[in-house]
Amino acid sequence: MNKSLFFVFSLFFALFSAQKGPYYQQRAEYKMDIDVDAKNFTYNGQQTLKYTNNSPDDLDVVYFHLYWNAFKPGSMMDQRVAAQGKNGDSRLQVNGVSRLASIPKDEEGAQNIHWIKQNGKNLKFEVQETIMKVYLDTPIKANSSTTFTMEWDAVIPMQIRRSGRNNREGVDMTVTQWYPKIAEYDYDGWATFDYIGREFHAPFSDFDVNIKIDKNYVIGAGGTLENPSEVKGYETKPSIKADKSNKVTWRWTAKNMLDFAWAADRDYTVESFVILDGPKVYFVYQKSDKTKYWSEAKPYVTKFFQLMNATYGRYVYPSYSFIQGGDGGMEYGMCTMILGEAKSLEGLIGLMVHEGGHSWNQQIMAYNESVRPWMDEGFTSYYDDMIMYQLFPPATAKPNPFTESIEGYRRFVKRGIEEPAVWLGDHHDNGSAYSVASYTKGELFLVQLGYIMGEENLATVMKEFYKEWNLKHPTDRDFMHIAQKISGMDLTWFHHYWINTTKTIDYAIKDVKYDENSTTITLENNGTVPMPIDFSILTADKKVMNYQIPLNMTHTWKSNDIYGDFKTMNYWPWTQKEYTLTIPYNKSQISALGIDFSQRLADINPEDNFVEVK
């Protein structure tokens with residue numbers, strides 16, 4: 001081999017065999033003093049931020065998110081909504097027209113940075129709508145810290161999405177993603193995604209926040225209230241001491257969270273209860289006939305936390321607040337903002353379970369949602385369906401908790417507008433395609449893995465993943481490493497097909513031939529995603545016999561599942577169109593036969609998977 005060719009091969013090997021560098025994560029500590037002008041929906045803010053660079057890189061710039069700058073006509077969010085029309089997020093438009101385009105001038109969102117200093121020295125900065133780039137006076141050396149101070153004022157926008165004033169349920173202020181928030185820096189660089197309306201990402205941080213506001217307001221927040229006896233709502237007879245401006249200061253702290261969020265209203269009621277082996281839970285809402293189901297929700301919320309602690313991993317924070325925020329549901333550190341008015345108890349609990357479930361995925365595991373929304377939304381939806389199935393058992397028996405999600409996926413695929421789950425959260429061209437890619441396919445990623453490796457193995461994977469990676473920003477690569485280690489299977493192929501493509505599963509029973517002492521079945525693969533196959537028969541005396549047809553690419557076979565034990569057959573090569581198996585039962589001994597009696601396989605045409613024997 002000549003030297004040039006040897007160099008090319010050596011470079012190729014180095015690039016494709018390289019591993020990530022040593023694990024690290026950045027650290028931030030915020031101290032804020034906020035003075036709210038509730039009448040005009042504005043506030044002034046002062047912030048001290050200690051930032052620790054645990055990376056091996058020296059940093060000469062830093063970036064901050066200024067999310068509220070998106071809430072105005074002509075913003076990037078407005079442009080994106082206008083361009084997508086009726087194909088976009090329905091909450092951001094009316095009849096295909098962007099709601100942001102009609103925000104009045106005095107209700108536009110704004111985060112106006114007066115100045116920022118590093119260790120007392122003024123810094124140059126430039127605001128690129130929702131991203132602020134700051135040029136440092138002194139680079140932050142690897143494994144060192146620096147301190148930023150800054151001053152800003154803000155206008156709370158008309159509520160269009162998540163944050164805002166005077167929402168449709170009458171809540172005065174929902175204040176989320178509201179402060180200059182330092183961006184995450186990791187192995188992939190700075191996570192400087194423009195805010196177009198979907199997901200967030202940030203380093204784990206500590207918060208010490210003082211909010212000065214009119215004494216008649218009650219605040220709900222994700223954190224620990226340090227002076228409950230001095231403010232309204234949290235104690236029966238508080239000693240409220242207002243200053244000359246008729247304001248009181250609320251003192252909040254929180255540790256090791258991605259963000260600090262709060263809401264304020266003069267009509268909030270605060271209720272609390274403690275969950276055995278769980279957090280203290282707060283309900284902060286406007287008590288009325290429209291929110292009557294909140295009083296019935298406590299035992300369901302209690303069971304939710306207990307089930308999540310047992311099946312996934314222990315909730316790590318001391319409290320959790322469900323706050324009536326007035327726009328759908330959105331999760332933050334130690335709290336969620338949700339619609340308070342519900343048509344049914346099950347509807348309210350479903351919202352609480354989903355948004356509360358994000359505490360494990362969006363907050364504690366803290367995936368980069370902007371890059372991998374399918375991990376956050378999908379894994380949360382998986383536990384959402386599993387727990388709701390237990391809290392509200394269906395009136396008619398279902399083979400598993402995920403049948404409705406699988407059916408919804410099948411219907412959507414046939415519309416021909418599916419987009420890969422690997423796409424960035426804000427970059428999907430169709431709002432429905434984003435939802436299916438992130439929520440549905442993310443959930444079915446786990447459902448299919450349970451089908452492939454067995455549910456007991458999957459349960460072990462989820463617990464081990466949580467144990468090893470909580471509070472550490474894992475990626476799907478970290479998840480797959482654990483899944484393959486525990487199952488003993490090669491699963492790279494499945495991850496690629498399911499997340500990076502829109503290829504589909506479609507198996508069928510092509511032919512059945514009955515002999516005197518046996519039956520021969522020919523199966524065929526009409527799809528583009530190969531899978532192992534669970535094949536079963538229901539005998540005439542109502543017994544189920546299971547056969548596992550392994551896929552050669554896994555190299556290790558599933559032998560049992562909670563749905564039964566399996567007899568292992570010869571493997572099915574992924575390149576092979578058809579497969580034939582013979583079972584030792586004749587026609588008179590069989591009542592029915594088919595692919596996947598458990599109905600977990602996301603086969604887009606399941607109608608050709610079963611044969612009733614008559």
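How close do the axes of helix 5 and helix 7 come, and at what angle do they cross? The close-ups below start there, and they come from a predicted model.

**View 1. Helix 5 crosses helix 7 (residues 431–453).** The two axes come within 7 Å and cross at roughly 60 degrees, which makes helix 5 oblique to helix 7. The crossing of this pair is right-handed. Sorted by class, the contact of helix 5 with helix 7 holds ten nonpolar, four polar and three charged residues.

**View 2. Helix 4 (residues 345–365) packs on helix 5 (residues 373–391).** Here the axes are 8 Å apart, at an angle of about 135 degrees. That angle makes helix 4 oblique to helix 5, and the crossing of helix 4 and helix 5 is right-handed. From helix 4, the contact draws on Glu346, Ile349, Gly350, Val353, His354, Gly357, His358, Asn361 and Gln362. From helix 5, the residues that meet them are Met375, Asp376, Glu377, Phe379, Thr380, Ser381, Asp384, Ile387, Met388 and Leu391. The contact of helix 4 with helix 5 divides into seven nonpolar, eight polar and four charged residues.

**View 3. Four strands form an open sheet in the order 8-9-3-13.** The pairing in this sheet is antiparallel. Strand 8 (124–128) and strand 13 (181–182) stand at the edges with a single partner strand each, so one side of each is left without a neighbour in the sheet. Strand 3 (residues 59–65) is joined to strand 9 (residues 131–140) by six bridges. Leucine 59 is a handy place to begin, as this residue stands opposite isoleucine 140 in strand 9.

**View 4. Strand 8 and strand 9 form a hairpin with two residues between them.** In the turn, glutamate 129 has a positive phi of about 60 degrees. The two strands pair in the antiparallel sense over five bridges. Which residue of strand 9 stands opposite glutamate 126? It is lysine 133, and lysine 133 is also the bridge partner of tyrosine 63.

**View 5. Asparagine 309 lies in helix 3 (residues 298–311).** Is asparagine 309 buried or exposed? With a relative accessibility of 15%, asparagine 309 counts as buried, because the cut-off for that class is under 20%. Leaving aside residues up to four places away in sequence, asparagine 309 touches Asp277, Gly278, Arg314, Tyr315 and Trp360.

**View 6. Asparagine 119 lies in the loop between strand 6 (110–118) and strand 7 (121–122).** This residue counts as exposed, at 52% relative accessibility. Which residues does asparagine 119 touch, not counting residues up to four places away in sequence? They are Thr146 and Thr147. For a sense of distance, the C-alpha atoms of asparagine 119 and histidine 65 are separated by 21 Å, and the two residues are 54 residues apart along the chain.

Terms used: Residues numbered from 1 in each chain as written. Predicted model: local features only at pLDDT ≥ 70, side-chain atom pairs only at ≥ 80, totals over all residues. Heavy atoms only, no water. Axes fitted to C-alpha atoms, helices over the stretch in contact; angles between N-to-C directions. Parallel < 35°, antiparallel > 145°, perpendicular 65-115°, else oblique. Left-handed = near helix turned anticlockwise from the far one by under 90°. Contact = heavy atoms within 4.5 Å. Nonpolar A, V, L, I, M, F, W, Y, C, P; charged D, E, K, R; others polar. Buried < 20%, exposed > 50% of the residue type's maximum accessible area, 1.4 Å probe, protein only. Pairing = 2+ DSSP bridges.
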